Amino acid sequence: MPLIIAAQRTPTAEANVPHPQANRQPPGLAYPDPHVNGAPQQQAGERIGVWWNPRAGRGVARELAERTLAEAAHRGHDAALLASDSAQATRSAAEEAMAKGLDRLVVIGGDGTVHQAIQVAAGTPLVVGVVPAGSGNDLIAALGLDTTPGAAIDRALGPSSAIDLLRVDDRYGVTVATLGFSVAVNRRAETMRWPRGSAKYTAAALRELAGMRRYPLILDVDGRRLDVAPNLVAFANTSVFGGGMKIAPGARPDDGRLEIVVVGPASRTTMLRLLPKVRAGRHVEHAAVSVHRGARVVIESDETHEIRADGEIIGSTPTEIELVPAALQLAGYPVAS
Ligand SMILES: [Mg+2]
């Protein structure tokens with residue numbers, strides 16, 4: 001069960017609580033300075049849950065959560081801390097928060113924590129803000145959001161815009177769904193305590209290269225059939241996966257479609273040459289890589305292959321991956337049109 005470890009109530013007008021979208025930023029405008037004239041421009045009176053995982057972020061998460069809570073209270077919001085130490089408990093906390101009529105959920109954590117939040121927030125008006133803590137922050141990297149605590153908290157409490165999500169059955173993903181070599185690398189990285197951060201994925205990729213294989217698949221992308229045998233496929237809502245690898249450089253989370261990047265079949269030598277190019281997204285120029293776009297992909301395969309998104313298992317082949325447009329209200333991401 002989720003544990004509410006602290007709550008700070010601030011006196012706010014209970015009547016006429018603004019809808020969370022009431023102060024939404026029109027597309028294409030620069031993010032406003034919330035401290036113009038010395039006072040926050042964000043409308044007060046939102047009900048906000050600040051949600052953190054005591055096991056993540058090596059103690060940093062708690063500090064960020066308390067700082068976020070203090071800033072929310074300072075801006076006149078009705079904010080409370082929520083803490084939970086497992087994926088299931090985290091989701092339960094979000095469900096409880098939704099039932100209580102929360103306007104906004106600020107998650108302190110990385111892609112895994114955000115992944116749990118969106119399972120509850122998808123398709124609802126609940127605004128999700130992200131203050132990065134811990135290691136995996138591909139969402140933050142892809143969206144170009146700030147990682148310094150002050151700026152991240154400011155954005156997480158600021159205006160929101162809708163972004164797309166991807167979905168496999170009833171599971172949502174926010175960054176990139178992937179299968180093949182990338183999943184093997186992800187699985188390997190989970191078992192490694194060292195190195196940390198993006199170096200972990202590089203080390204895991206080098207270790208997995210020896211056992212790299214092909215994955216014969218039929219991909220039906222909006223009715224276009226691709227008969228392929230790649231080493232990996234990425235179905236991208238955002239551009240970055242694997243701790244900073246720009247696997248789908250053209251992916252945008254607000255254009256209503258997935259960028260599908262098919263890598264291989266390639267030899268180990270070719271893959272070794274491609275790996276460093278992925279960091280800058282230059283791998284897509286290689287003949288062994290093809291890029292497709294679409295809103296719905298049916299994946300046929302004789303074998304069962306695990307599909308991961310945001311580092312979490314979200315399904316397995318054969319299956320379908322669907323892009324759900326404007327499914328999530330994300331704070332601090334004004335989408336340029
Ligand atoms: Mg897109």
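Two residues are taken to be in contact here if their C-beta atoms, placed from the backbone, lie within 7 Å. Helices (H or I, at least four residues) and strands (E, at least two) are DSSP runs, numbered from the N terminus. Everything below comes from a predicted model, where local features need pLDDT of at least 70, side-chain atom pairs count only at pLDDT 80 or more, and totals for chains, interfaces and linings use all residues. Residues are numbered from 1 along each chain as its sequence is written.

Helix α5 (residues 149-156) is a handy place to start. Its buried residues are A152, I153, D154, R155 and A156, where buried means that 20 or more other C-beta atoms lie within 10 Å of a residue's own (exposed is 12 or fewer, partly exposed is in between). The cover over these residues includes α1 (60-74), β4 (104-109), β5 (127-132) and β17 (319-331).

Next comes strand β8 (residues 176-180), with 5 of its 5 residues buried. Two strands count as paired if DSSP finds at least two bridges between them. On that basis β8 runs antiparallel to β11 (residues 232-236), with 5 bridges joining them. Within this pairing, V176 sits opposite A236, and A177 faces F235. β8 also pairs with β15 (residues 306-309), again antiparallel, over 2 bridges; here T178 has R308 as its bridge partner.

Zooming out, these strands belong to an open, antiparallel sheet of 6 strands in the order β13-β12-β11-β8-β15-β16. β13 (289-294) and β16 (312-316) each have a single partner strand, so one side of each is left without a neighbour in the sheet. On average, neighbouring strands are turned by 25° against each other, direction ignored. Axes for such angles are lines fitted to C-alpha atoms (for helices, over the stretch in contact), and angles run from 0 to 180 degrees between N-to-C directions. Helix α6 (residues 181-190) lies across β8, β11 and β15, at about 95° to β8.

As for the interior, a nonpolar core is a set of buried Ala, Val, Leu, Ile, Met, Phe, Trp, Tyr and Cys residues joined through C-beta atoms within 7 Å. The largest one has 97 residues, and V50, L105, I108, I118, V128, A234 and F235 have the most contacts inside it. β17 gives the most to this core, with 6 residues. Domain 1 (3-158) and domain 2 (172-325) each supply at least three residues, with bounds from an automatic or database domain assignment. Leaving out residues up to four places away in sequence, I108 touches V50, W51, W52, A61, L64, A65, T68, V131 and A133.
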